[in-house]
Amino acid sequence: MTAWLLSGFGDEIDADPVVQLSVLEALGARHLELRGAWGTGVLAFDDQRRAALRKLLDERGFGVSALASPLGKVSLELPVEAEVTRLGTAIELARFFSTRYIRMFSFYQEGRDPAGMRDEVLVRLRAMADLAEREDIVLLHENEKDIYGDTPDRVVDLIESVGSDHLRVAWDAANFVQVGARPFTDAYARLRPYLDYLQIKDALAADGRVVAAGEGDGEVVETLTALRDDGYEGFISLEPHLSAAHATGGFSGPAAFGRAARALRGITDQLGVGLA
């Protein structure tokens, strides 16, 4: 049986990491996607918070699937060095939490024509990829709406233009729906060669509202079927956004997070894919 590693954004469950891990464990996960805890974003963790969370993870037998950083969710007005410096912090944290993956983005549009942003975005992503290559870290670009790489065309362009094995794709079907794309139909074949990580939420094309996997227009079943058939091995991380969504993330709460997990497992059970 094909098996994928189940993870989830703990701060979508609760600010308290004890609650985060308890809910994830109850849902059958042994990994956490680390965006924040105690109401603090991961890049702002002080030494005390780092140590406390690492101790808790070790005691509970959890790994970190990815550092869900906010890198690239900033203005292009900032100098190139700004995000490279923050990436250095993220790399230090990734090593501390024993993961090679750092989630990131490709800069806010802020009303600009994306075509006019392209060169500035690529300069910054190339500089970040250079550091990732030197440090043997993998950057996972998420196709967030209203950043440069929000449509399939622009994600393909930036990944292929940077041309680094250390800049890969974190697939988010809901975000594609929210920019008018059909994820599997429009993007899967083109992005599959670069796809290293799955973030699971779904959305309705009519109004962009986020729903549980399989309940929207994100072509989740088609995508997961294709991944099963072409041998995907890796993480599948729940980011449900079922209660709230905002510029820096989202929230579900324990009950809604559990509902999202059951919806996903209903699909993977039908496909004969195990989640562990």
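Me: Where is Asp-136 found?

Reply: Asp-136 is found in the loop between H4 and strand S7 (138–142). Helices (H or I, at least four residues) and strands (E, at least two) are DSSP runs, numbered from the N terminus. This is a predicted model, in which local features need pLDDT of at least 70, side-chain atom pairs count only at pLDDT 80 or more, and totals for chains, interfaces and linings use all residues. Residues are numbered from 1 along each chain as its sequence is written, and side-chain values use heavy atoms, with hydrogens and water left out.

Me: What is the phi of Asp-136?

Reply: Start with the general idea. Most residues other than glycine have a negative phi. Asp-136 has a positive phi of about 55 degrees, although it is not a glycine. Glu-110 also has a positive phi, near 50 degrees, and is not a glycine. Glu-110 sits in the loop between strand S6 (101–104) and H4.

Me: How many helices and strands does the chain have?

Reply: The chain has 9 helices and 15 strands. Its radius of gyration is 17 Å, close to the 19 Å that the globule rule gives for 276 residues, so the chain is as compact as a globular protein of that length. That radius is taken over C-alpha atoms, and the rule is 2.2 Å times the number of residues to the power 0.38. Along the principal axes, the C-alpha atoms fill a box of roughly 45 × 45 × 30 Å.

Me: What share of the residues is buried?

Reply: Buried residues make up 57% of the 276 in the chain. In soluble globular proteins, nonpolar side chains tend to be buried together. A nonpolar core is a set of buried Ala, Val, Leu, Ile, Met, Phe, Trp, Tyr and Cys residues joined through side-chain atoms within 4.5 Å. Here the largest nonpolar core has 80 residues, and Ile-102 and Leu-224 have the most contacts inside it. Helix H4 (residues 114–135) gives the most to this core, with 8 residues. Apart from it lies another core, of 7 residues, among them Ala-66, Val-138, Ala-170 and Phe-235.

Me: Which residues is Leu-224 in contact with?

Reply: Contact means heavy atoms within 4.5 Å. Leaving aside neighbours within four places in sequence, the partners of Leu-224 include Trp-4, Leu-198, Ile-236 and Leu-271. Now take the whole chain. Of its contacts with a separation of 6 or more, 74% are between residues 24 or more positions apart.

Me: Where do the axes of H5 and H7 cross, and at what angle?

Reply: Axes are lines fitted to C-alpha atoms, for helices over the stretch in contact, and angles run from 0 to 180 degrees between N-to-C directions. The axes of helix H5 (residues 152–162) and helix H7 (residues 183–191) come within 10 Å and cross at roughly 10 degrees. Angles under 35 degrees count as roughly parallel, over 145 as roughly antiparallel, 65 to 115 as roughly perpendicular and the rest as oblique. H5 and H7 are therefore roughly parallel to each other. Pro-152, Asp-153, Val-155 and Val-156 of H5 make the contact with Asp-186, Ala-187, Arg-190 and Leu-191 of H7. These residues divide into 5 nonpolar, no polar and 3 charged. In that count, Ala, Val, Leu, Ile, Met, Phe, Trp, Tyr, Cys and Pro are nonpolar, Asp, Glu, Lys and Arg are charged, and the others, Gly among them, are polar.

Me: Which residues does Ala-276 touch?

Reply: Not counting residues up to four places away in sequence, Ala-276 touches Trp-4, Leu-5, Leu-6 and Gly-28. Ala-276 lies in the segment after strand S15 (273–275). Ala-276 and Leu-6 are 270 residues apart in sequence and 5.5 Å apart in space, C-alpha to C-alpha. Gly-28 is in the loop between helix H1 (17–26) and strand S2 (31–34). Gly-28 and Ala-276 are 248 residues apart in sequence and 6.1 Å apart in space, again C-alpha to C-alpha.

Me: Is His-241 buried or exposed?

Reply: His-241 has 11% relative accessibility, so it counts as buried. This residue lies in the loop between strand S12 (235–238) and strand S13 (244–246). Beyond four places in sequence, the residues that His-241 touches include Glu-12, Arg-35, Lys-201 and Phe-251.

Methods:
Buried < 20%, exposed > 50% of the residue type's maximum accessible area, 1.4 Å probe, protein only.
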